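Welcome! Take a look at the structure first, then read on.

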Amino acid sequence: MSRISNQVLLQKLSDRFGDQITIPSEPFGLLTFETNKEIIHDVLTFLRDDSELKFNYLTDITGVHFPEKDLSIGVVYHVHSLTNNLRVRIKVFLEAQNPQIPTATTLWKGANWMERETYDFFGITFTGHPDLRRILNVDDMTVFPMRKEYPLEDPNRVDKKDYFFGR
Amino acid sequence: MSEVNIVEAPPGIEGSGFFATSLDKVIGMARANSLWPLPFATSCCGIEFMATMGSHYDFARFGAERLSFSPRQADLLMVMGTIAKKMEPVLKQIYLQMAEPRWVLSVGACACSGGIFDTYSVLQGIDEIIPVDVYVPGCPPRPEAILDGVLKIQELVKNESGRRRNSPEYKQLLAKYGIQ
Amino acid sequence: MSNHPIYIDNDPQKATTTLNLGPTHPATHGVFQNILEMDGERIVSGVSTIGYIHRAFEKIAEHRPFYQITPLTDRMNYCSSPINNMGWHMTVEKLLGIKMPKRVDYLRIIVMELSRISDHIICNTIIGQDTGATTPFLYLFQYREHIYEIYEEICGARLTTNIGRIGGFERDFNDIAFAKIRKFLKEFPVALAEFEKLLTRNRIFIDRTANVACVTPEDALSYSWSGVLLRATGVDYDVRVNEPYSSYEDFDFEIPVGTKGDIYDRFNVRNGEMWQSMRIIEQALSKLENEPKGVFHADVPEFYLPPKEQVYNNMEALIYHFKIVMGEIDTPKTEVYHCVEGGNGELGFYLINDGGRTPYRLHFRRPSFINYQMYAPMSRGMLLSDAIINMSSLNIIAGELDA
């Protein structure tokens with residue numbers, strides 16, 4: 001089990017960043033907090049380089065879309081300290097129009113494709129990313145398909161009549 | 001040692017020292033038992049195809065010992081797995097590169113109809129872009145089903161008239177897909 | 001990264017050749033496209049293009065109830081689909097707070113370890129195939145068929161298994177299944193030993209794989225590698241040990257690690273894991289002796305789909321069936337990340353639930369996707385033929401890569 005408790009971790013973060021670490025919670029034992037895009041790079045750098053915390057492993061970067069919120073586009077980082085066997089989840093919420101956030105590729109090379117995928121699905125621009133292109137979808141796609149307003153099914157289908165499905 | 005089976009000769013007139021039948025039937029027989037498949041395996045069905053090729057099911061028994069990975073020499077295009085819209089032009093190009101006569105076997109629900117992936121990124125059946133001869137259902141089909149599909153293709157090949165590929169119906173079919 | 005000398009182009013007149021490898025190249029075992037700049041046989045640089053079977057799993061998952069997402073997970077890493085199925089079930093069980101009986105945990109472990117073996121069989125025999133040894137492929141693939149027969153006995157399907165339910169299994173393992181597992185445990189070690197004999201000390205094989213595509217632990221961690229690939233570099237990170245799920249803490253097994261992270265190390269780590277998996281299955285079988293017979297699901301009628309004959313004959317079962325299928329179940333509004341040790345790395349499920357019928361957001365941390373991004377950078381300076389073996393040794397599954 002983990003060698004550092006969530007409280008210690010949160011205390012260290014609060015000491016360093018003050019009230020910019022907001023809404024801490026622990027769903028299923030995983031420390032989760034929100035921060036903002038101005039300091040996210042510093043938070044990640046601090047977590048990675050702190051001699052005690054050693055969050056040296058970026059598990060995942062992904063996005064989420066809450067259309068009814070003001071800051072509707074979220075970026076979620078899962079970072080893992082292999083030495084301490086501790087995970088942390090960091091969320092940053094951005095505005096829907098032209099969301100921008102600094103890249104994490106300078107800290108972990110593996111962030112490259114994760115950010116490209118997030119860009120592809122949610123249209124989040126990672127500033128400073130070396131090669132921010134679509135990765136999974138076709139290059140000439142104009143929308144960001146994981147946003148909630150975009151339908152699952154291909155809107156151009158002609159063979160699927162709504163009345164067959166009671167719609 | 002197991003018994004070696006030789007393909008039965010097509011129906012014809014036989015006498016001492018001669019055997020007469022139509023050219024179509026002889027060519028059909030020869031083609032059917034020497035198909036060169038091009039496996040266009042993209043996902044799960046491709047793994048079942050590996051099982052079909054493996055020692056347990058032994059696809060080679062049906063005269064398809066050599067897989068042709070070049071479309072130029074292939075007779076049979078086996079499309080196995082989901083074809084995403086990004087893949088669509090690739091598949092079409094591969095079909096165009098194949099020489100006549102060519103057959104297409106669509107293996108699995110995704111290739112036949114899009115399967116469970118009714119999404120913006122998946123082609124809803126390869127028959128939207130190329131003509132298909134035999135569909136094999138299943139998600140994924142068992143190796144036996146893939147073999148059965150190939151046998152069905154062999155039936156088609158055996159009974160195809162030598163003039164079919166020049167017929168106006170066939171040209172019309174290709175024109176429907178925008179293939180010259 | 002590679003031990004091969006990196007070619008430095010001194011002659012400004014000299015042009016490189018562009019080689020398009022894929023997306024349907026027979027040597028790549030899947031739909032991967034790499035556009036390589038070649039100087040003779042050596043790769044100068046490469047660009048990977050992926051997404052050729054992008055099927056929008058995450059978008060579909062937002063439109064399907066929890067129990068309908070299991071078939072999607074099958075089709076991600078189809079070489080070891082039971083691990084994906086169980087990983088998803090355990091994620092939902094974690095969300096709902098269901099505690100599983102030990103017997104179900106052990107049954108799950110048996111299935112998961114069998115699928116780990118079948119995953120590693122595919123990858124390792126393909127490495128053999130790409131170095132020119134077809135025989136091991138034909139030998140071991142037979143045993144993969146035996147694993148499939150066990151799956152068939154348990155759930156009726158071979159490849160896309162859809163095995164189990166949220167809350168347990170849909171039915172108990174029958175005696176034939178146990179007999180087949182025991183038979184497999186007896187026969188497979190012989191075949192695996194023979195397989196190792198054919199390749200592990202084979203001069204040609206060692207020359208083709210040892211010291212090719214070496215990766216340092218620092219690089220591996222920076223690229224977020226996980227699973228066999230990370231362990232081959234010497235980092236002993238295994239989810240089964242670090243965050244035990246499904247009662248892995250009850251088992252005694254070792255984690256094989258490599259030293260150099262080259263193809264030979266990866267191959268050996270996989271072989272080692274197959275031996276360990278068999279150890280785990282044997283332990284699980286003996287532990288099952290002490291567990292009450294006939295327990296194959298947790299007693300959570302509000303989450304576990306009742307058997308069909310009860311739905312037709314029993315009022316309560318009908319109500320629960322209706323509630324589950326129509327999504328009338330109360331689920332906690334929270335988020336959960338659960339990961340399992342998949343066939344090729346840490347397979348994570350990040351689920352945001354808003355209490356509705358479907359997940360609000362479900363993200364899969366797909367190890368193939370994350371492992372594959374190092375491929376183009378590490379190919380630099382490598383011979384083309386080495387790059388091909390390197391790709392098969394990464395064990396990238398196209399369905400998981402492209403989601």
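The lining of the largest cavity divides into six nonpolar, four polar and two charged residues. Here Ala, Val, Leu, Ile, Met, Phe, Trp, Tyr, Cys and Pro count as nonpolar, Asp, Glu, Lys and Arg as charged, and the others, Gly among them, as polar. The model is predicted: local features need pLDDT of at least 70, side-chain atom pairs count only at pLDDT 80 or more, and totals for chains, interfaces and linings use all residues. Residues are numbered from 1 along each chain as its sequence is written, chains are lettered from A and ligands numbered from 1 in the order in which they are written, and side-chain values use heavy atoms, with hydrogens and water left out.

**The largest cavity**

- Rolling a probe the size of a water molecule over the atoms shows where empty space is left.
- A cavity is a set of points, on a 1 Å grid over the protein atoms alone, where a 1.4 Å probe fits but cannot get out; lining residues have an atom within 4 Å of a point.
- Two cavities of 30 Å³ or more are counted, and the largest holds about 50 Å³ of space. Such a volume is the space filled by probe spheres set on the points, with grid points joined across faces, edges and corners.
- From chain B, the lining of the largest cavity includes Ser43(B), Cys44(B), Cys45(B), Cys110(B) and Cys139(B).
- Helices (H or I, at least four residues) and strands (E, at least two) are DSSP runs, numbered from the N terminus.

**The second largest cavity**

- This cavity has a volume of about 30 Å³.
- Its lining brings together Met50(B), Ala51(B), Gly54(B), Ser55(B) and His56(B) with Phe141(C), Gln142(C) and Glu145(C).
- Two or more of these residues come from each of α2 of chain B and α5 (135–155) of chain C. The largest share, three residues, is from α5(C).
- By type, the lining has three nonpolar, four polar and one charged residue.

**Chain B**

- Chain B has six helices and six strands, arranged from the N terminus as β-β-α-β-α-β-α-β-α-β-α-α.
- Of the 180 residues in chain B, 50% are buried, that is, under 20% relative accessible area with a 1.4 Å probe and protein chains only.
- Among contacts (heavy atoms within 4.5 Å) with a separation of 6 or more, 74% in chain B join residues 24 or more positions apart.

**Chain A**

- Chain A contains three helices and seven strands, in the order α-β-β-α-β-β-β-β-α-β.
- Its C-alpha trace spans about 60 × 35 × 30 Å along the principal axes.
- Buried residues are 53% of the 167 in chain A.

- Thr200(C) sits in the loop between α6 (175–199) and α7 (203–209) of chain C.
- Thr200(C) is buried, with a relative accessible area of 15%.
- Beyond its neighbours within four places in sequence, Thr200(C) is in contact with Ile206(C), Tyr264(C), Phe267(C), Asn268(C) and Asn271(C).

Terms used. On a 1 Å grid over the protein atoms alone, a cavity is a set of points where a 1.4 Å probe fits but cannot get out, and a pocket is an open set with protein on both sides within 12 Å along at least five of seven lines; lining residues have an atom within 4 Å of a point.
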